[in-house]
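These are my notes from one sitting with a single chain. I wrote each entry as I looked the item up.

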Amino acid sequence: MIIGLVVLLLLCPCLGLAGWAGWQAASEDAPSVSLPETTSAPAPPTRDPLPTAEPSPTEDGDDFRRGDCVVNDGTDDDAELRKVPCGPNTYEVLLRIPASTDGDRCEVLAPEATANYVHDNSVNLLDYVLCLKER
């Protein structure tokens, strides 16, 4: 019985460590869930500032998809994106990278992007990056 307890105490941490290592290896190839950040506010764009415009707001909230056009109703430091009809002085969403806060990934995954928007949520699975192109 003592041997069984010793084996169990050694096996549990080893399985946990192996699971964690496998999860980390898989996360290098795909968008990842990282450790929680201390802020839940959206991060500002890291390239060109987003313009503002007046078309009607959307009910979809943060549901931005490829092909959507957006404008910034906030500031460069506290961006608040809003879906609008595509036109001049808007940004088209080229790519949405889920579960990531690395805006530099747009340079590789969407090289034609002229700006990006990083949404940093306290629940890291809800983080995303939008790769944007000025129209």
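How many salt bridges does the count come to? The count comes to four. I note here that the model is a predicted one.

**Entry: salt bridges**

I began with Asp73 and Arg82, whose side chains meet in a salt bridge with an N to O distance of 2.4 Å. Asp73 has a relative accessible area of 40%, so I put Asp73 down as partly exposed. Arg82 has 11%, so Arg82 goes down as buried.

Next I took Asp68 and Lys83, which also form a salt bridge, at 3.4 Å from N to O. Asp68 sits in the loop between α1 and β1 and Lys83 in strand β2, so this pair ties together parts that are 15 residues apart in sequence. I looked up the burial of the two residues as well: both Asp68 and Lys83 are buried.

One more of the bridges joins Asp63 to Arg65, where the closest N and O atoms are 3.2 Å apart. Asp63 is partly exposed because its relative accessibility is 27%. Arg65 reaches 53% and therefore counts as exposed.

**Entry: the chain as a whole**

I listed the secondary structure and found two helices and five strands. Along the sequence I read the order as α-β-β-β-α-β-β. The chain has 135 residues, and buried residues make up 30% of them.

The accessible surface of the chain comes to about 8,400 Å². Carbon and sulfur atoms hold 59% of that surface.

**Entry: surface patches**

Which residues form a nonpolar patch on the surface? I found Ile3, Val7, Leu11 and Leu15, with about 410 Å² of accessible area together. I followed up Leu11 from this group. Leu11 lies in helix α1, which covers residues 2-29. Its relative accessible area is 43%, so I recorded Leu11 as partly exposed.

I also looked for charge on the surface. Asp76, Asp77, Asp78 and Glu80 gather there in a patch of negative charge. I followed up Asp76 and placed this residue in the loop between β1 (69-72) and β2 (81-84). At 38% relative accessibility, Asp76 counts as partly exposed.

**Entry: positive phi**

I went through backbone angles and wrote down two residues other than glycine. Asn89 has a positive phi, near 60°. I placed Asn89 in the loop between β2 and β3. Is Asn89 buried or partly exposed? Its relative accessibility is 46%, so Asn89 counts as partly exposed.

Ala99 has a positive phi too, near 55°. This residue lies in the loop between β3 (91-98) and α2 (105-109). Ala99 has a relative accessible area of 9%, so I recorded Ala99 as buried.

**Entry: pairs apart in sequence**

I then took up Thr90, which, like Asn89, is in the loop between β2 and β3. The C-alpha atoms of Thr90 and Val71 are 5.5 Å apart in space, while the two residues are 19 apart in sequence.

Notes: Residues are numbered from 1 along each chain as its sequence is written. This is a predicted model: local features need pLDDT of at least 70, side-chain atom pairs count only at pLDDT 80 or more; totals for chains, interfaces and linings use all residues. Side-chain values use heavy atoms; hydrogens and water are left out. Patches are made of residues with over 30% relative accessible area and no salt bridge: like charges are joined within 9 Å, nonpolar side chains (Val, Leu, Ile, Met, Phe, Trp, Tyr) within 5 Å. Accessible areas come from the Shrake-Rupley method with a 1.4 Å probe; for residues, only the protein chains shown count as cover. Lys and Arg count as positive and Asp and Glu as negative; His and the chain ends are not counted. The place of a charge is taken as NZ of Lys, CZ of Arg, CG of Asp or CD of Glu. Helices (H or I, at least four residues) and strands (E, at least two) are DSSP runs, numbered from the N terminus. Buried means under 20% relative accessible area, exposed over 50%, partly exposed in between (1.4 Å probe, protein chains only).
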